[in-house]
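Please keep the structure open while reading.

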Amino acid sequence: MKKMINGVRKQKHGTSIVVFLNQKLLNKELKRLDNAHRLRKINKRILNEVELLGVSAIDGALFVNSKGLCYAIGVILDGVARSGDRGR
């Protein structure tokens with residue numbers, strides 16, 4: 001986790017990492033926000049430094065568990081998340 005945080009500190013612009021200590025809550029939020037098209041799921045894994053810099057440059061937060069496994073990138077947390085069309 002420390003390596004992940006230090007990795008994203010190299011970004012020129014701010015980034016957010018949401019760390020879930022509860023796996024059930026993580027899964028619930030992944031499903032809810034995915035249904036609302038508010039995130040991009042990835043195959044869960046620990047991201048290397050190059051990947052971290054790349055994905056943390058994308059607008060939105062990273063969703064990780066307490067072991068540092070990343071589950072989603074580009075998570076939009078502002079506003080009310082509802083199911084529906086991605087078109088704006």
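The side chains of Arg32 and Glu29 meet in a salt bridge, with N and O 2.8 Å apart, where a salt bridge is a side-chain nitrogen of Lys or Arg within 4 Å of a carboxyl oxygen of Asp or Glu. This is a predicted model, in which local features need pLDDT of at least 70, side-chain atom pairs count only at pLDDT 80 or more, and totals for chains, interfaces and linings use all residues. Residues are numbered from 1 along each chain as its sequence is written, and side-chain values use heavy atoms, with hydrogens and water left out.

**Salt bridges**

- By the rule given above, the model contains three salt bridges.
- Arg32 and Glu29 both belong to helix H2 (residues 23-35) and stand three residues apart, about one turn of the helix; helices (H or I, at least four residues) and strands (E, at least two) are DSSP runs, numbered from the N terminus.
- Glu29 counts as buried at 17% relative accessibility, whereas Arg32 is partly exposed at 39%; buried means under 20% relative accessible area, exposed over 50%, and partly exposed in between, with a 1.4 Å probe and protein chains only.
- Lys41 is paired with Asp34, their closest N and O atoms being 3.8 Å apart; Lys41 is partly exposed at 44%, and Asp34 is partly exposed at 26%.
- Glu51 and Arg45 form a salt bridge at 3.4 Å, N to O, with Glu51 partly exposed at 27% and Arg45 partly exposed at 34%.

**Nonpolar cores**

- The largest nonpolar core has 10 residues, among them Phe20, Leu26, Leu30, Phe63 and Tyr71; such a core is a set of buried Ala, Val, Leu, Ile, Met, Phe, Trp, Tyr and Cys residues joined through side-chain atoms within 4.5 Å.
- At least two residues of this core come from each of H2, E3 and strand E4 (70-75).
- A second, separate core of nine residues includes Val55, Leu62, Cys70 and Ile73.

**Asn65**

- Asn65 lies in strand E3 (residues 61-65) and is buried, with a relative accessible area of 7%.
- The side chain of Asn65 reaches the backbone nitrogen of Leu69 at 3.0 Å.
- Apart from neighbours within four places in sequence, Asn65 is in contact (heavy atoms within 4.5 Å) with Met1, Val19, Phe20, Gln23, Leu26 and Tyr71.
- Of these partners, Phe20, Leu26 and Tyr71 are also members of the largest nonpolar core.

Definitions and conventions. Polar contact = N/O pair within 3.5 Å; in protein donor to acceptor, adjacent residues only side chain to side chain.
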